[in-house]
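Reader: I have a model open and want to go through how it packs. Can you take my questions as they come?

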Amino acid sequence: MDYNDENKQTGGQGPQRPRKSNSGLVKVGIVGLVAGLLGGGIAYGGASALNNNNNGDTSYKNGTTKVANVTVKSNSDATKAFSKVKGAVVSVVNMQKQSSSSDSEGLYGIFGGGSSSNSNGNNSDSSSSKSSLETASEGSGVVYKKSGNDAYIVTNNHVVSGSSALEIILSNGKKISGKLVGTDSTTDLAVIRVDAKYINTVAQFGDSTAIQAGQSVLAIGSPLGSQYATSVTEGIISAKKRTVPVEDESGNQTGDATVIQTDAAINPGNSGGALINLSGQVIGINSMKLASSSSGTSVEGIGFAIPSNEVVSIINQLITNGKVIRPALGVGLVDLSNVDSTSQKNTLKLPSSVTGGVVLVNIYNNSAAEKSGLKKYDVITEIDGTKVTSQADLRDVLYNHKIGDKVSVKYYRDGQQKTGTITLSESTSQLSSSSK
């Protein structure tokens with residue numbers, strides 16, 4: 001992701017987007033085989049245990065045990081919230097062209113495939129194209145809008161990446177075709193358009209800034225694929241805001257994402273599904289989970305979702321423009337909290353009273369930051385009147401602005417606090433660093 005232009009994480013190792021199977025941060029929806037085998041093993045073991053129990057003493061022929069009448073009504077807030085949203089959560093099937101050597105193999109080869117489309121979601125009626133499609137991966141999505149003849153689904157960019165066609169499986173099992181409206185790899189979001197006549201339920205977004213740690217939440221999606229569609233898990237919000245490094249499909253770190261942390265179970269296939277509060281409002285789009293730490297330690301109960309406020313901002317731009325254009329400073333950043341105390345004192349020359357901010361480690365030529373007079377090792381502590389303690393804070397402010405907006409900035413240079421004004425420019429990822 002190109003957050004805050006060219007953000008670089010230099011202190012310690014955090015979770016990462018997966019390259020394949022060995023990465024700590026797993027894009028749910030990509031790795032399902034191991035989990036599937038594990039589930040099969042558990043089921044097999046359970047069956048064996050039941051069979052062993054049946055081989056016990058059978059001398060008592062006249063058992064009198066009965067099933068009691070149900071006296072508890074399961075009409076909890078969780079079941080009400082789930083019932084409200086479940087019809088809006090769908091499975092998203094990423095279909096891609098097979099290699100020529102396997103075009104005739106599998107169900108799609110036997111039955112002539114399904115509706116196909118190019119990477120822009122345009123349907124094709126070519127029978128040869130149809131017969132060459134197969135399911136590459138499955139994820140989840142959330143229907144959030146109906147407008148005229150169209151309905152719109154939000155999902156993850158990595159769910160639809162590389163697709164030749166998209167098949168949507170509704171909560172009632174009906175399969176329909178979807179067309180890609182736009183994608184944003186920076187936030188890992190995408191929008192799909194479908195025929196509105198098939199859509200009966202539309203989810204509503206809640207305010208993700210109003211959530212609290214410890215608040216109960218539900219995750220809804222298709223873990224391990226559409227076989228387990230509309231599965232629901234329950235947990236809490238573990239943290240309102242976490243900053244995690246993000247990698248592209250080649251394993252290159254592209255920036256940092258600010259996400260909601262939850263312990264609600266998120267598994268492969270849940271990508272693009274809904275994280276909801278107990279009012280039945282979508283407060284996040286499930287995107288990833290932490291499978292292991294940087295030391296290789298196995299991790300459980302750490303999943304991440306893209307906050308709903310950010311989701312709404314991105315999908316509105318995707319529908320309007322087909323892409324997202326972000327303002328940028330044109331800098332490389334590191335959180336002050338990741339800089340050791342010696343460097344803070346001797347290199348940055350910061351007063352002891354300054355405990356939060358972001359350090360400019362690179363200034364790019366012809367960038368907004370360079371034009372405003374910012375230099376390498378300046379420490380930004382406030383922008384546009386908002387206190388900055390991390391890259392996430394800075395990015396949140398920037399993304400509330402447009403290209404050309406002027407914002408005030410407070411920063412420290414050689415121990416002295418200074419103020420200035422920056423005119424925001426477009427993302428400058430291709431600019432060269434001047435290291436001023």
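Reader: What share of the 436 residues is buried?

Author: Buried residues make up 45% of the 436 in the protein; buried means under 20% relative accessible area with a 1.4 Å probe, protein chains only, with exposed over 50% and partly exposed in between. This is a predicted model, where local features need pLDDT of at least 70, side-chain atom pairs count only at pLDDT 80 or more, and totals for chains, interfaces and linings use all residues. Residues are numbered from 1 along each chain as its sequence is written, and side-chain values use heavy atoms, with hydrogens and water left out.

Reader: How many residues are in the largest nonpolar core?

Author: That core has 42 residues. A nonpolar core is a set of buried Ala, Val, Leu, Ile, Met, Phe, Trp, Tyr and Cys residues joined through side-chain atoms within 4.5 Å. V194 and I168 are among those with the most contacts inside this core.

Reader: Which strand gives the most to it?

Author: Strand 9 (residues 189-195), with five residues. Strands are DSSP runs of E, at least two residues, numbered from the N terminus.

Reader: And a second core?

Author: A separate one of 21 residues includes L333, L374, I380 and V397.

Reader: New topic. Why is strand 18 largely enclosed?

Author: Six of the six residues of strand 18 (residues 358-363) are buried, so the rest of the structure largely encloses it.

Reader: Which strands does strand 18 pair with?

Author: Five bridges join it to strand 17 (residues 331-335), antiparallel, with G332 opposite N362. Strand 19 (residues 379-383) also pairs with strand 18 in the antiparallel sense, over two bridges, and there V359 stands opposite V379. Pairing requires at least two DSSP bridges between the strands.

Note on methods
Helix = DSSP H or I, 4+ residues; strand = E, 2+ residues; numbered from the N terminus.
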